[in-house]
Amino acid sequence: MGLFSRSKPKDKTAAATPATVEAPQPAAPAPGPRAISIGLQGGGSHGAFEWGVLDKILEDGRLSIAAITAASAGATNALALITGLQQDGARGARAKLDQLWRAVNQSGGRNVFGDSALWTAAFNPDWLKSNPFYGYFETLMTSSSPYEFNPFNLNPLRDVLNQVVDFDAVRASPVQLFVSATDVRAGKEKVFTREELTVDAALASSALPFLFQAVEVNGTPYWDGGYLGNPPLWPLYYADTPRDILIVMLNPFRRKETPRAAGEIVDRLNEITFNAALTAELRALAFVQKLIEDGMLTETAKGKYRCMLIHAIEADGHLDDLPMASKFDTEWNFLTNLKARGQRAADAWLKAHFDDVGVRSSVDVRERFL
């Protein structure tokens, strides 16, 4: 058997050897909602796509979200969702997600995710991009430090989180939560668990270094978690979480065109960078899965190694028509458009793959991402 159970079956006439031992198969799902873990990528206002995905899953009701791992905007969605679940179940979670994105729209205009006027639609039309002076000013803006252009460290997202999220409810929730940030000094990933989550920890996960000052948590400065875990999958391997992981992606893996303009090159480089950590984790997962299937590692119920079942709702085909600059756009029509895209994507995934949950992976990691 290959990496996942969709692979071709082995020849049953061949003699079994340690190198060809079949991996343990998941038991048939129990009646009722199927438990699942959710992975939420970061991506500024494109997180409204995740809003749509989560809203559809909650409305459908056939999946039970038992754990979430997230970065940046994904973490903000997770905090709102868990707050709502604690207050009023699925209905409360849907209401909280709606409240979150309305607050994003109303708090700080396009600056919630760190926009500057240079990136707005009004100030970077095509005619301006073709001006030879545009590149000079673009370089000037990206070379400025947030300690210089934002000396008072204003962050509208703090107000949004304080308005929407009940951190006491999050810490008391049975839903496990893992939020990534990047330790600036150590150059390592930090994963905040549900019990550690505060507004500062959430802001740390969203602090893009060219747009926001590093956020200190217990004396340690942090930047955006997407650099080293977008989202981090490894906490789900070791915790008591469902083996099914549905990853909701905001950064396209593939582009049809080769970027040529300076801004386009930076945009594509950012997409690749923010997918790199996820790709590395999926590669490691595929390797461990193969070792388990070949009988070289033993899977146990509470052991170190588990056969995880991977599912994905990708940005490719849903968000790859949008430029990087649109991740700063918090206009209501744009956010609701993203929500609708997410709802459609989740609806299509549920129709195609709900029966796979608890049974098999619905994506071949090695074939799709490696």
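Which residues of E8 lie on one side and which on the other, and are they buried or exposed? Leu309, His311 and Ile313 sit on one side, Ile310 and Ala312 on the other, and all are buried (under 20% relative accessible area, 1.4 Å probe, protein chains only). With 5 of the 5 residues of strand E8 (residues 309-313) buried, the strand is largely enclosed by the rest of the structure.

This is a predicted model, where local features need pLDDT of at least 70 and side-chain atom pairs pLDDT 80 or more, while totals for chains, interfaces and linings use all residues. Numbering starts from 1 along each chain as its sequence is written, and side-chain values use heavy atoms, with hydrogens and water left out.

E8 runs parallel to strand E7 (residues 244-248), joined by 5 bridges (strands pair if DSSP finds at least two). Leu246 has His311 as its bridge partner in E8.

Now the helices. The axes (lines fitted to C-alpha atoms over the stretch in contact, angles running from 0 to 180 degrees between N-to-C directions) of H1 and H2 come within 9 Å and cross at roughly 20 degrees. That makes H1 roughly parallel to H2 (angles under 35 degrees). Here's who makes the contact (heavy atoms within 4.5 Å):

| Helix | Contact residues |
|---|---|
| H1 (residues 47-60) | Gly47, Ala48, Glu50, Trp51, Leu54, Asp55, Leu58, Glu59 |
| H2 (residues 73-106) | Ala73, Gly74, Asn77, Leu81, Leu85, Ala90, Ala93, Arg94, Leu97, Asp98, Trp101 |

Overall, the protein chain has 12 helices and 8 strands (DSSP runs of at least four and at least two residues, respectively). Of its 370 residues, 53% count as buried.

How values were computed: Angles under 35 degrees count as roughly parallel, over 145 as roughly antiparallel, 65 to 115 as roughly perpendicular and the rest as oblique. Buried means under 20% relative accessible area, exposed over 50%, partly exposed in between (1.4 Å probe, protein chains only).
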